[in-house]
Amino acid sequence: MSDLYQGFTASAIGKQVTRLLGLPQPARLERYAEGAALVDGTVLVGGRGRLADELVGILDSLGVAAVTDDAGADTFKGLVFDATGLTSSAQLVELRDFFTPLLRRLDSCPRVVVIGTPPDQARDDERVAQRALEGFTRSLGKEIGRGGTVQLVYVAEGAEGAVHSTLAFLLSPKSAYVSGQVVRIGAHGSKDAGAVGDWLRPLEGRVALVTGASRGIGEQIARVLHRDGATVVGVDVPQAASELQAVMTELDGDHLVLDITAKDAPQRIARHLREKHGGVDVVVHNAGITRDRKLANMARSEQGDRFEQVIAVNLTAPERITRHLLDEKVVNDNGSIVGVASIAGIAGNVGQTNYAASKAGVIGLVDALADELDRGITINAVAPGFIITQMTAAVPFASREVGQRLNAMAQGGLPVDVAETIAWYASPGSTAVNGNVVRVCGQMMLGA
Ligand SMILES: NC(=O)c1ccc[n+]([C@@H]2O[C@H](COP(=O)([O-])OP(=O)(O)OC[C@H]3O[C@@H](n4cnc5c(N)ncnc54)[C@H](O)[C@@H]3O)[C@@H](O)[C@H]2O)c1
């Protein structure tokens, strides 16, 4: 399942040949090592606005070396620009004035974060200027290279104190494959946000349910949530029972063997969580299937209904389970529900009308519930791009090569990249992160 092309470009001959032919040169992405500092270098903070005075203190509290003067270091690992003070389009030039001289002074895999005011909270000229930030950050993400990432974080008025967990994620190697994203931090539950005892084990004492946990992305989600201190309850189908049990035993977790589409699955999950764990804090709907075929060839057959099966596993089951766990108050206060969508659900894909409908529906579930949730509970989704797993190993070679290369990082992501994003949503410091859909796609050229 490794990326042969990337391996080739890393060899001496491969580097020469691919450079000569003008082919993509995927950078080696830095990933987070357990126990390491969040940021291996200095972060320069600039701009003017609502957060400017707080940012250095916030980064200090995360153990991140932050300075406001570019004489403070020769090179920088991260740049954070507070753009909330930009109230007219003429002021957008301040972005250029800040960034242009610094872009040649960045370390490998640099992190850039621009902070803005949600456009729908701004008016007139300010709204225009704030909306413009999106084009700026998405373009810089495509330009920055060397494994760098660029994000826009819209912070609502009143949520300035709730940015810690998001900055910790976006400035660290945990967000290795997340770029060109727009994150919204709202006032939702923000009074408790930022209150994380131990940044190395933010999920200490929390219980996390992960569906499809026996392999692939789900297994990695279980591992990362366990690393962050959670007790993980893994769910998978009977055919995967022994793999599931092996993973969960290794993680000192618990497991539940069931098909999430079973009629009584929501009730069985709820009963198990309540009786064995007294409830649940994090629910990750990761289990998913593909049954690709063009719609013209998707008629019901003797082998079953490919359309119906995909909708049932990927969408109806997460919907039913979520509603039941909420209705029965099995989800604890400040809990976190996370859907796993896909960029196919945003951009569409040939042969995937069923899959893309199910994944767009997962985004719909986030939209539907984000405003109605109470008790500090949040719902968000990740939308992975091309992630190297058994699911994508089944993709034919040519499509797989295109899928891996057609993104700003010229490579596929790893399951851990999706898992780290989910761990950020699940953190008790993220109670103000609600209703987001963040793509983990290396800024794929497909879709928005
Ligand atoms: N791999 C990618 O590139 C990619 C991209 C976008 C989205 N995703 C999504 O990420 C999730 C995980 O994908 P993966 O690549 O790890 O897939 P995978 O096939 O390796 O793992 C999926 C897991 O879900 C389990 N599962 C399937 N149906 C189930 C059911 N009815 N009840 C309980 N468990 C069930 C499987 O047994 C398996 O363990 C899926 O939702 C997938 O759609 C993956």
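Student: Which residues in H10 meet which residues in H12?

Tutor: Good place to begin! Arg-306, Phe-307, Val-310, Ile-311, Asn-314, Leu-315, Pro-318, Glu-319, Thr-322, Arg-323 and Leu-326 in H10 meet Thr-353, Asn-354, Tyr-355, Ala-357, Ser-358, Lys-359, Gly-361, Val-362, Leu-365 and Leu-369 in H12. Contact here means heavy atoms within 4.5 Å. These residues divide into 11 nonpolar, 6 polar and 4 charged. Nonpolar covers Ala, Val, Leu, Ile, Met, Phe, Trp, Tyr, Cys and Pro, charged covers Asp, Glu, Lys and Arg, and the others, Gly among them, count as polar.

Student: What should I keep in mind about the model and the numbering?

Tutor: This is a predicted model, in which local features need pLDDT of at least 70, side-chain atom pairs count only at pLDDT 80 or more, and totals for chains, interfaces and linings use all residues. Residues are numbered from 1 along each chain as its sequence is written, and side-chain values use heavy atoms, leaving out hydrogens and water. Helices (H or I, at least four residues) and strands (E, at least two) are DSSP runs, numbered from the N terminus.

Student: How do H10 and H12 lie: roughly parallel or roughly antiparallel to each other?

Tutor: Two packed helices are described by the angle between their axes and the distance between the axes. For H10 (residues 306-327) and H12 (residues 353-370), the axes come within 7 Å and cross at roughly 15 degrees. Axes are lines fitted to C-alpha atoms, for helices over the stretch in contact, and angles run from 0 to 180 degrees between N-to-C directions. H10 and H12 are therefore roughly parallel; angles under 35 degrees count as roughly parallel, over 145 as roughly antiparallel, 65 to 115 as roughly perpendicular and the rest as oblique.

Student: Now the sheets. What is the strand order in the open sheet of 7 strands?

Tutor: Strands of a sheet pair through backbone hydrogen bonds, either parallel or antiparallel. Here the order is S9-S8-S7-S10-S11-S12-S13, with parallel pairing. Two strands pair if DSSP finds at least two bridges between them. S9 (254-257) and S13 (437-440) stand at the edges with a single partner strand each, so one side of each has no neighbour in the sheet. S8 (residues 231-236) is joined to S9 by 4 bridges, and Val-233 has Asp-254 in S9 as its bridge partner. H7 (residues 216-227) lies across S7, S8 and S10, at about 170 degrees to S7.

Student: Which strands form the open sheet of 6 strands?

Tutor: Its order is S2-S1-S3-S4-S5-S6, again with parallel pairing. The twist averages 25 degrees from one strand to the next. S1 (residues 42-47) and S3 pair over 5 bridges, with Val-43 opposite Gly-78 in S3. H3 lies across S1, S2, S3 and S4, running at about 170 degrees to S1.

Student: How many residues of H6 are buried?

Tutor: In H6 (residues 164-171), 8 of its 8 residues are buried. They pack against H3, S3, S4, S5, S6 and H15.

Notes
Buried means under 20% relative accessible area, exposed over 50%, partly exposed in between (1.4 Å probe, protein chains only).
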